Amino acid sequence: MAYTDARLLTNEDLVEDFFKRVLKYDYKNPSILSKIVQAELSMANFDFGYPTLQSHHYRDRRYKDDSTRWHLRRQITSELFSLKRPDRDESLKLGAGGALPASDISCDKQAFIIIGPPASGKSGIANKVADHLVVTRRVSAN
């Protein structure tokens, strides 16, 4: 993979600098540094010539064939649009949680655009906005 536009995080000093100087984040667990370095080095050796949409090389073995994979996609899409969002994103899994706000929803065709760098908290803010708007609309409708 060509790293022309990426910040290399291939040793713990670079990761620590990124946390402190760029993200202004004071990490509590030093073992996170080596885990990030390991992940970065693994990605450096990853062959991106096999996208999972067209290739079976990196697919989860349970969903290797195309028909099983399309069934899984339909299930994921159905659950995201029909099940309520769990309290914690970490508990979202197949059969347990979707993308709907935890409270009742209404459709009034209003959009919010939330931008920011990766892992900056966009999803957390979007969830709070969605939940707040639903509660506000319910109160004002009563």
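This is a predicted model: local features need pLDDT of at least 70, side-chain atom pairs count only at pLDDT 80 or more; totals for chains, interfaces and linings use all residues.
**Exercise 1. Explore the rest of helix α1.**
Task: Find which residue meets aspartate 17 in a salt bridge, and then see what lies at the ends of helix α1.

Solution. 
- Step 1. Aspartate 17 meets arginine 21 in a salt bridge, side chain to side chain, at 3.0 Å from N to O.
- Step 2. Aspartate 17 and arginine 21 are four residues apart in helix α1, which means about one helical turn lies between them.
- Step 3. With 28% relative accessibility, aspartate 17 is partly exposed.
- Step 4. After α1 comes lysine 24, with a positive phi near 55 degrees.

**Exercise 2. Compare two ends of a salt bridge.**
Task: For the salt bridge of aspartate 66 and arginine 59, work out the exposure of aspartate 66 and of arginine 59.

Solution. 
- Step 1. The closest N and O atoms of aspartate 66 and arginine 59 are 2.9 Å apart.
- Step 2. Aspartate 66 has a relative accessible area of 39% and is partly exposed.
- Step 3. Arginine 59 has 4% relative accessibility. Buried means under 20%, so arginine 59 is buried.
- Step 4. To put this in context, the whole structure holds six salt bridges. Side chains of opposite charge can pair when their charged atoms come close.

**Exercise 3. Classify the aromatic pairs.**
Task: Work out how many aromatic pairs there are, and classify the pair of phenylalanine 19 and tyrosine 25 and that of tyrosine 50 and tyrosine 58.

Solution. 
- Step 1. The structure has three aromatic pairs.
- Step 2. In the pair of phenylalanine 19 and tyrosine 25, the ring centres are 5.5 Å apart and the planes meet at 50 degrees, so the pair is tilted.
- Step 3. For tyrosine 50 and tyrosine 58, the centres are 6.3 Å apart and the planes are at 75 degrees. Planes over 60 degrees apart count as edge-to-face, so this pair is edge-to-face.
- Step 4. Phenylalanine 19 is buried at 10% relative accessibility, whereas tyrosine 25 is partly exposed at 44%. Tyrosine 50 is partly exposed at 33%, and tyrosine 58 is partly exposed at 39%.
- Step 5. Ring pairs also join Phe19, Tyr25 and Tyr27 into a cluster.

**Exercise 4. Trace a nonpolar patch.**
Task: List which residues make the nonpolar surface patch, and locate methionine 43.

Solution. 
- Step 1. The patch is made by Met43, Phe46, Phe48, Tyr50 and Tyr58, and covers about 450 Å².
- Step 2. Methionine 43 belongs to helix α2 (residues 31-44).
- Step 3. Methionine 43 has 37% relative accessibility, so it counts as partly exposed.

**Exercise 5. Visit two loops.**
Task: Find where histidine 57 lies and where arginine 85 lies, then find a side-chain contact for histidine 57 and for arginine 85.

Solution. 
- Step 1. Histidine 57 is in the loop between α2 and α3. Its side chain makes a polar contact of 2.7 Å with that of serine 55.
- Step 2. Arginine 85 is in the loop between α3 (66-82) and α4 (122-141), and is buried at 13% relative accessibility.
- Step 3. The side chain of arginine 85 has a polar contact with the side chain of asparagine 127, at 3.4 Å.
- Step 4. Beyond its neighbours within four places in sequence, arginine 85 touches residues including Gly98, Leu100 and Asp131.

Note on methods. Residues are numbered from 1 along each chain as its sequence is written. Side-chain values use heavy atoms; hydrogens and water are left out. Patches are made of residues with over 30% relative accessible area and no salt bridge: like charges are joined within 9 Å, nonpolar side chains (Val, Leu, Ile, Met, Phe, Trp, Tyr) within 5 Å. Accessible areas come from the Shrake-Rupley method with a 1.4 Å probe; for residues, only the protein chains shown count as cover. A salt bridge is a side-chain nitrogen of Lys or Arg within 4 Å of a carboxyl oxygen of Asp or Glu. Buried means under 20% relative accessible area, exposed over 50%, partly exposed in between (1.4 Å probe, protein chains only). A polar contact is a pair of N or O atoms within 3.5 Å; within protein, one must be able to donate a hydrogen and the other to accept it, and residues adjacent in sequence count only if both atoms are side-chain atoms. Contact means heavy atoms within 4.5 Å. Rings of Phe, Tyr and Trp (its six-membered ring) pair if their centres lie within 6.5 Å; planes under 30 degrees apart count as stacked, over 60 as edge-to-face and the rest as tilted.
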